[in-house]
Amino acid sequence: MLLVSKPILGMEEKAALSEVVDSGWITMGERVREFELAFARLHKAEDSLAVSSCTAALHLILHALEIGPGDEVLVPSMTFVATANCILYVGATPVFVDIESDHVPLISIEDAEAKCTSRTRAVILMHYAGYLADRGAWQAFARRRGLFLIEDAAHAPGRVEVGTYGVAAAFSFYGNKNLTTAEGGAVIASDRTLLETMRQMRGHGMTSGTYQRLTSRNPNYDVTMLGFNYRMDELRAAVGLVQLRKLTDWNDTRGRLTELYRRLIAERCPSVSIPFGEPRISTYHIMPVLLPEAAIRSTVIDQLRQRGIQTTIHYPPVHRLSFFRTKCPNTDLPCTEDFAHRELTLPLHPDLQPEAVETVVMRLAAAVGSPRNLLAAE
Ligand SMILES: *Cc1c(COP(=O)(O)O)cnc(C)c1O
């Protein structure tokens, strides 16, 4: 099966894990710290914070910014549900914003502007598929409206631009992301004090951790704020340190495969369009395409699956999910809904061979072109 995504793991990761086991120390310690500094360095940031997931990272950011009940946070609906869930964790209200267009499925400034109220405190951008949102325009918007600008950078690790938009950025190291630790995440923040507050919140709000108490021989700690258990562990950090060394090359490979997809689809399957046709900085996390209006997506998915090609949908819009329909009724986002209706995600990962891309495009062309996939033929 050609998979949509897959973790690239090998001997180096195994060796790194063995080393941790042999060391006898598996919970958050020196490797986590080393990973934080290496992750920061790759993004030309001063420091970073390793956590248990991107969801935890987003929650920490909103909590540390004291966003809560009565506050509204602007968020795209064309994202993973975690981007919106974290807003509910702190008791604030998510306000869903449409995407710019089918060609640029990123949160729309124009719609964000229209949805600002006196209660709006923050906006969460999501670099969909790894394509970066317009930094200057969003910074101007946030400044003008007096809002915190937050990045959900789950799709976009490894570019120096990411993490520099606003107050903080959240990253994911889940198994299907560009860099993986199985489960894991990180925060980059523009403000040192804010990052240190989040560091303390990550470990129950305690003034010292288990490892620090061991090494300083001081058994005492205090709790000076509400905290959580959002720690990373040494096993994950060890894998992350190995993965981090390969991330830039992997992102380049993803970029080359994306270019190949664009060329072949334009040649052999022109009824399928590809978002982000204009040049834009990207980490090429996924390969989204838009099927022609007349195609029946479920049939295309089935035909590709029968040929050993997995495809997925990014994303069912969050505002259309049952839970959010009751939480945020009467949300109408026409561009998001149209995009979500036609989107299909093709396989893309650094282990995918160029020949496999050719196969996928050939099968896609056959599936889209076959009469039984066309509504008109029904
Ligand atoms: C994967 C993902 C998340 C959640 O990441 P976890 O590390 O699994 O919590 C959040 N937002 C987006 C856009 C994602 O793709």
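In what follows, Ala, Val, Leu, Ile, Met, Phe, Trp, Tyr, Cys and Pro count as nonpolar, Asp, Glu, Lys and Arg as charged, and the others, Gly among them, as polar. The structure is a predicted model.

On that scheme, the lining of the second largest pocket comprises 11 nonpolar, 13 polar and 3 charged residues. This pocket has a volume of about 430 Å³, and its lining consists of 27 residues, with F80, Y174, N176, K177 and Y315 lying nearest the centre. Helices α3 and α4 each supply at least two residues of this lining; α3 gives the most, with 3 residues.

The second largest pocket is also the space taken by the ligand. Around the ligand stand 16 residues, of which C54, T55, D152, S172 and K177 come nearest. The shell divides into 7 nonpolar, 7 polar and 2 charged residues, and α3 (54-64) and α4 (82-89) each supply at least two residues to it.

Particular atom pairs can then be located. A backbone N or O atom of C54 lies 2.8 Å from an oxygen atom of the ligand. In the side chain of D152, an N or O atom is 2.7 Å from a nitrogen atom of the ligand, while in the side chain of K177 an N or O atom is 3.3 Å from a ligand oxygen atom. The protein covers 93% of the 390 Å² of accessible area that the ligand has on its own.

The largest pocket holds about 550 Å³ of space. Its lining numbers 22 residues, with M28, R202, S208, G209 and Q212 nearest the centre. The elements giving two or more residues to that lining are α2 (30-42), α7 (192-202) and α8 (210-216). By class, the lining of the largest pocket has 4 nonpolar, 10 polar and 8 charged residues.

Note on methods. Residues are numbered from 1 along each chain as its sequence is written. This is a predicted model: local features need pLDDT of at least 70, side-chain atom pairs count only at pLDDT 80 or more; totals for chains, interfaces and linings use all residues. Side-chain values use heavy atoms; hydrogens and water are left out. A residue is near a molecule or strand if one of its heavy atoms lies within 4 Å of it. A polar contact is a pair of N or O atoms within 3.5 Å; within protein, one must be able to donate a hydrogen and the other to accept it, and residues adjacent in sequence count only if both atoms are side-chain atoms. Accessible areas come from the Shrake-Rupley method with a 1.4 Å probe; for residues, only the protein chains shown count as cover. On a 1 Å grid over the protein atoms alone, a cavity is a set of points where a 1.4 Å probe fits but cannot get out, and a pocket is an open set with protein on both sides within 12 Å along at least five of seven lines; lining residues have an atom within 4 Å of a point. A molecule sits in a cavity or pocket if more than half of its atoms lie within 2 Å of its grid points. Helices (H or I, at least four residues) and strands (E, at least two) are DSSP runs, numbered from the N terminus. Grid points are joined across faces, edges and corners, and a volume is the space filled by probe spheres set on the points.
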